[in-house]
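Please keep the sequence and the model in view while reading.

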Amino acid sequence: IVGAVLRLLTDGDAEVRSAALQSLARVAARGQAEVLRAVEGLLADADSSVRGDAARALGSLAERGDSTVVAFLCLRLDRDGEPEDDEEARSELLDALAAVAPRGHCVCLGLAVACLSDESEGVRSSAVKVLEALVEPVNSEVLTSLQPLLASTEAFTRCAALGALAVVGAGGGADVAADCSRCFSDEDEGVRTAAVKAIVGVASRGHEASLAGVLELLKDEDEDVRCAAAEAAGRLACEGDSKSMAALRKVLGDDDRDVRCAVIGSLASTVARADTDLVEALASCFQDEEETVRDAAVDAIARVAQRTGCEPCLSVVVAQLQHEGADVRCCAAKAIANLARLDDFVVVKDSVTSLLEDNDASVREAAGDAIAAMAQCSTANAGLVSELFEAMKKRCSHGDPAVRCSTLDAIRKISNDVGARAVEPVCKALEDKQEIVQDAAKQTLAGLPWADEGMAA
């Protein structure tokens, strides 16, 4: 098979040559000299797509450290000052180098640094991958070679250099972090964003100068910069850092939803002790107009509970169950479902089951999930499971058909916990006057894992 495919590499149709290269990567064994020499020849093909496929094939077929393959790839990237003119092919050549060149290969590293100034974003991204794959930690020569790029007149080059700095300078300490910090005031928002992301990789947690710069960028005019700064604050601040938490709290109402989500996540990462004020601030995000922000707040409260205990969170969340906004009630129910996985909540049983009567379908569904979570995490408390089930049975005869349907769905969710007791109210609902309730009962009965198949039918 390999021989037949090799013959196709000389076909007059470029598409055939490309297809043959793609096939070789799948059928040929790694390190076969005959195959590698044939593919190397196509690095100079007249068709740019074939050249890119040849580079990709070499990345798959050559052994790491194959000096001949590495030399061919480098030659195509720096051919007497006339590198490969197709940006996709250049990117493929760099990706192949990342796969086969040995760590510390000076020529490859030099080519990668040079490609950080490439006009193509894909090429610059591939160049960073080469550095990540080949550079030794805190390589001083590469770090030095990045300095001129950080001062380039082209913003895209400065961004690429910062991305490389995050890779090469990981663990490099204060000097490398200072290189990133100097770009915090760059005129280009993309560069400022790249600088914030880079400093997370090079600065140690709690590094005062880095963290101070990041917190200042929470007020940046660009939302991407603010979002990156909010995420970075959670990575750089030490647990319980009151200054960082205060700065994050101030921007919890940022105009951009992604920034708000990042702030919420970082607050949950930084808190170190029970803080009712913080939980209340997070719960206030249940009123956010964006669902992603509301969901972030729900998840954050669960993370805070894991770190500081459930009780402070529970008291705040339960109070939200009576909020006039359906979205808020829904979030509160979801939060209780999360918290129930951490502890038993006998005290909120009535509050949660009452939500099955809510006039909003999403709230009723969230209540069912919360009940299921409480039941599943209360196996040692058979009394609570029975009380939950009895509360649902009563609502199977509620005057609102929508409530009856939601209750039946909730019963399905706890069927493993209540056992055969679930059959009685569900079978009774099969005789309900409302067709939608009958259909809900059929779905519930069919969903009982141990129900008789004939009965479900």
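Leaving aside its neighbours within four places in sequence, aspartate 358 is in contact with Arg329, Val363 and Arg364, where contact means heavy atoms within 4.5 Å. The model is predicted: local features need pLDDT of at least 70, side-chain atom pairs count only at pLDDT 80 or more, and totals for chains, interfaces and linings use all residues. Residues are numbered from 1 along each chain as its sequence is written, and side-chain values use heavy atoms, with hydrogens and water left out.

**Aspartate 358**
- Aspartate 358 sits in the loop between helix H21 (349-353) and helix H22 (361-376); helices (H or I, at least four residues) are DSSP runs, numbered from the N terminus.
- With a relative accessible area of 10%, aspartate 358 is buried (buried is under 20% relative accessible area, exposed over 50%, partly exposed in between, with a 1.4 Å probe and protein chains only).
- Its side chain reaches the backbone nitrogen of aspartate 360 at 2.8 Å.
- Glycine 240 is 118 residues from aspartate 358 in sequence and 38 Å from it in space, C-alpha to C-alpha.

**Aspartate 118**
- Aspartate 118 belongs to the loop between helix H7 (106-115) and helix H8 (121-134).
- Its relative accessible area is 14%, so aspartate 118 counts as buried.
- A polar atom of the aspartate 118 side chain lies 2.8 Å from the backbone nitrogen of serine 120.
- Not counting residues up to four places away in sequence, aspartate 118 touches Arg90, Val123, Arg124 and Phe156.

**Glutamate 92**
- Glutamate 92 is part of helix H6 (residues 87-100) and is buried, at a relative accessible area of 17%.
- The side chains of glutamate 92 and arginine 56 make a polar contact at 2.6 Å. A polar contact is a pair of N or O atoms within 3.5 Å; within protein, one must be able to donate a hydrogen and the other to accept it, and residues adjacent in sequence count only if both atoms are side-chain atoms.
- Beyond residues up to four places away in sequence, glutamate 92 touches Gly52, Ala55 and Arg56.

**Helices H24 and H27**
- The axes of H24 (residues 401-413) and H27 (residues 435-447) come within 9 Å and cross at roughly 0 degrees; axes are lines fitted to C-alpha atoms, for helices over the stretch in contact, and angles run from 0 to 180 degrees between N-to-C directions.
- H24 and H27 are therefore roughly parallel to each other, a term for angles under 35 degrees.
- Residues of H24 including Cys405 and Leu408 meet residues of H27, among them Ala440 and Ala441.
- By class, this contact of H24 with H27 has seven nonpolar, three polar and three charged residues (Ala, Val, Leu, Ile, Met, Phe, Trp, Tyr, Cys and Pro are nonpolar, Asp, Glu, Lys and Arg charged, and the others, Gly among them, polar).

**Helices H12 and H14**
- H12 (residues 189-202) and H14 (residues 223-236) have axes that come within 9 Å and cross at roughly 10 degrees, so the two are roughly parallel.
- The residues of the contact of H12 with H14 divide into eight nonpolar, one polar and five charged.

**Cysteines**
- The structure holds zero disulfides, a disulfide being a pair of cysteine sulfur atoms within 2.5 Å.
- Cysteine 106 is exposed, at a relative accessible area of 60%, and its sulfur is 9.3 Å from the closest cysteine sulfur, in cysteine 108, too far for a bond.
- Cysteine 313 is buried, at 0% relative accessible area; the closest cysteine sulfur to its own is in cysteine 310, at 6.8 Å, too far for a bond.

Key. Parallel < 35°, antiparallel > 145°, perpendicular 65-115°, else oblique.
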